[in-house]
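Subject: Handing over a structure, with notes on what was found

Dear colleague,

I am passing the structure below on to you, and my notes follow directly after it. Please read them with the coordinates open.

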Amino acid sequence: MKIFAHTRWDLAPVLAAVAHLAFDVYLIVGFESRPLWLSAVLGCLYAVSISWNINSISHNFIHTPYFKPRWMNYGFSLLESVAIGFSQTYYHWVHMRHHSGNSDRPDEKGDTVDLLSIYRHGHDGQPENVWSYTLLSFFRDSIGDIHKAIARNRPFDAAWGRFELYFFLGLAALALIYDWKAVLFFVPFYYIGNCLSSLNGYYEHLNGDPDEPIAWGVSSHQPFYNWLWFGNGYHAEHHYRPRTHWTKLPALHEQIKDEQEKNGTHVISTCHALGFMAKENRQSELSHES
């Protein structure tokens, strides 16, 4: 029986997801035996790991599900929900809305198709401030609205998404019983991790062109970043051809790079999470000021 739907290379993100979940468990189980300073260091790593998983393993799984059997994809979705601390099914719906709008600007009613658009809460057609986008995006999702939207056309998936959420909360409750101090210690790092994911998303679209498909996203072609984040740096390429498997994004870039340059696709020299340090973003800012 064929297990992987696309390529055996997907074993890499699958094993990485399992390792992430094991790391989450270790944070709680080993808390009492570690000094607080070490738990704080691991907490910072935990925060980064949330953004890493959401924007690489979880993200790629949405567009190119790893497994051929459907039940294995549902099982992996549950595993990911526990690892990232939120329903993978719900995240799937929100992310597909993101691709429907591609960080669009508000319409005449002030609304955007993309609920994650950097322009949604901005003013005068400009992107929202990076600080408010990063710190407030975590609180803007309406779980009830997401569930209802999924249930209209896919009632089973809506029920599965609710199960994923309850399953995670149930495990969190057991963790509280096991060691409530450990859980409370890592809650702020959980929030920081989601903020880092929003920060990553912000610079995936800052200086992108919502009106030009080949320039919807912003890319970073740093080799180590793309190795560690399973091709997430090829974000403009991904938005242009979202069904392209993560292993084939470099080849897609080579095919369309001349067209990208012609249409002004924005490329930065840092990973997306460090987009505030990218000289290309600073140059664009100075250009706008001029």
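**Histidine 99 and the helices**

Histidine 99 is a residue of helix 4, and please keep in mind throughout that the model is a predicted one. With a relative accessible area of 11%, histidine 99 is buried, since the cut-off for that term is under 20%. Once its neighbours within four places in sequence are set aside, the contacts of histidine 99 are His59, His63, His238, His239 and Pro242. Valine 113 stands 14 residues from histidine 99 along the chain, and the C-alpha atoms of the two are 9.0 Å apart.

Helix 4 itself covers residues 88–101, and its 14 residues span 20 Å from the first C-alpha to the last, which is close to the 20 Å expected at 1.5 Å a residue. Because 10 of those 14 residues are buried, helix 4 is largely enclosed by the rest of the structure. The buried residues are Gln88, Thr89, Tyr90, Tyr91, Trp93, Val94, His95, His98, His99 and Gly101, and they pack against helix 2, helix 3, helix 6 (143–153), helix 7 (155–203) and helix 9 (235–240).

How do helix 2 and helix 3 run relative to each other? The axes of helix 2 (residues 36–63) and helix 3 (residues 70–84) come within 11 Å and cross at roughly 165°, and the two helices are therefore roughly antiparallel, given that angles over 145 degrees are counted that way. The crossing in which helix 2 passes helix 3 is left-handed. On the side of helix 2 the contact is made by Ile50, Asn53, Ile54, Ile57, Ser58 and Phe61, and on the side of helix 3 by Asn73, Phe76, Ser77, Glu80, Ala83 and Ile84. Sorted by class, the residues of this contact are seven nonpolar, four polar and one charged.

In the second pair, helix 1 (residues 11–29) packs with helix 7 at an angle of about 100°, and their axes are 8 Å apart, so that helix 1 and helix 7 are roughly perpendicular to each other. Helix 1 contributes Leu27, Ile28 and Val29 to the contact, while helix 7 contributes Ala175, Tyr178, Asp179, Ala182, Val183 and Phe186. By class, the contact of helix 1 with helix 7 consists of eight nonpolar residues and one charged residue, with no polar ones.

With best wishes

How values were computed. Residues are numbered from 1 along each chain as its sequence is written. This is a predicted model: local features need pLDDT of at least 70, side-chain atom pairs count only at pLDDT 80 or more; totals for chains, interfaces and linings use all residues. Side-chain values use heavy atoms; hydrogens and water are left out. Axes are lines fitted to C-alpha atoms, for helices over the stretch in contact, and angles run from 0 to 180 degrees between N-to-C directions. Helices (H or I, at least four residues) and strands (E, at least two) are DSSP runs, numbered from the N terminus. Angles under 35 degrees count as roughly parallel, over 145 as roughly antiparallel, 65 to 115 as roughly perpendicular and the rest as oblique. A crossing is left-handed if the near helix is turned anticlockwise from the far one by less than a right angle, and right-handed if clockwise. Contact means heavy atoms within 4.5 Å. Ala, Val, Leu, Ile, Met, Phe, Trp, Tyr, Cys and Pro count as nonpolar, Asp, Glu, Lys and Arg as charged, and the others, Gly among them, as polar. The expected span of a helix is 1.5 Å times one less than its number of residues. Buried means under 20% relative accessible area, exposed over 50%, partly exposed in between (1.4 Å probe, protein chains only).
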